[in-house]
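Here is a short report on one protein chain. Please read it alongside the sequence and the model.

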Amino acid sequence: MKKVLLIASILFVAVVSTACINNLAVQDLNNKAKAYADKGDYTQAIERLKSSIDLDPSVFETHYNLAVVYTKAEDYIHAVDEFKKVIEMKPDQADSYYSLATAENNLAVDLEQGTVRMTSEGSLYNPSAEELASSGEYKMSENEKQYVSELYDAAVANYEKYLELSPNADDKVAVEDQIKKIKDHKNGGEIQKGAFTEE
């Protein structure tokens, strides 16, 4: 019996030690990612944050930071996906809805401008410089038009959720104005990329 207890306690110590090592590694990767992001090297920051998530996918801050870095890198395809994960982890975090709405709005604008495109299977991608140069004036497919409409609707819903969770937000008027711009654009008006401020 003592032998079983000893083995169990050794295993527990090993698990706790591994967890501590992982926590230190996650923290180190997150610190390095921040340093790269502060220098504007978003590719290296993204790689560090993805490695951190591989070690421990349960850390909310790592997912949030990855989504923010994708947004700063203007990679709205991945930013939208990552902010959705963030919201699944903490559905009452108001800023996540604002950030997701901004990424959705910006992705819709990129699709309209042709700087992001959709394959016939429905996957989004960034066209190469050669593809952009050779395509002339870009016309969206019907699937792209439908997806753009869905993105704008989602952006409005997420901006509204942000205001619901944060009714006294300092930027309430600006968010309401962005919602109006999106709705007006769906009725034929001009649209521009939304602002994104890191909290």
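## Basis

This is a predicted model, in which local features need pLDDT of at least 70, side-chain atom pairs count only at pLDDT 80 or more, and totals for chains, interfaces and linings use all residues. Residues are numbered from 1 along each chain as its sequence is written, and side-chain values use heavy atoms, with hydrogens and water left out.

## Overall fold

The protein chain has 8 helices and 2 strands. Both kinds of element are DSSP runs numbered from the N terminus (helices: H or I, at least four residues; strands: E, at least two). From the N terminus on, the order is α-α-α-α-α-β-β-α-α-α.

The chain has 199 residues, and 35% of them are buried (under 20% relative accessible area, with a 1.4 Å probe and protein chains only). Take contacts (heavy atoms within 4.5 Å) between residues at least 6 apart in sequence: 55% join residues at least 24 apart.

## Helix 2 against helix 3

Helix 2 (residues 42–55) packs on helix 3 at about 160°, with the axes 10 Å apart. Axes are lines fitted to C-alpha atoms, for helices over the stretch in contact, and angles run from 0 to 180 degrees between N-to-C directions. The angle therefore makes helix 2 roughly antiparallel to helix 3 (over 145 degrees).

Helix 2 contributes Tyr-42, Ala-45, Ile-46, Leu-49, Lys-50, Ser-52 and Ile-53 to the contact, and helix 3 contributes Thr-62, His-63, Asn-65, Leu-66, Val-69, Tyr-70 and Lys-72. By class, these residues are 8 nonpolar, 4 polar and 2 charged. Ala, Val, Leu, Ile, Met, Phe, Trp, Tyr, Cys and Pro count as nonpolar, Asp, Glu, Lys and Arg as charged, and the others, Gly among them, as polar.

## Helix 5 against helix 7

Helix 5 and helix 7 also pack at about 160°, with their axes 8 Å apart. Helix 5 is therefore roughly antiparallel to helix 7. Their contact has 18 nonpolar, 3 polar and 5 charged residues.

## Helix 7

Helix 7 (residues 142–165) has 24 residues and spans 35 Å from first to last C-alpha, close to the 34 Å expected at 1.5 Å a residue. The expected span is 1.5 Å times one less than the number of residues.

Its buried residues include Glu-144, Asn-158, Tyr-152, Tyr-159 and Tyr-162. Among the elements covering the buried residues of helix 7 are helix 5 (94–113), strand 1 (117–118) and helix 8 (172–186).

## A loop residue

Glu-74 is found between helix 3 (60–72) and helix 4 (76–89). Phi of Glu-74 is positive, near 60°. Most residues other than glycine have a negative phi.

Methods:
Buried < 20%, exposed > 50% of the residue type's maximum accessible area, 1.4 Å probe, protein only. Parallel < 35°, antiparallel > 145°, perpendicular 65-115°, else oblique.
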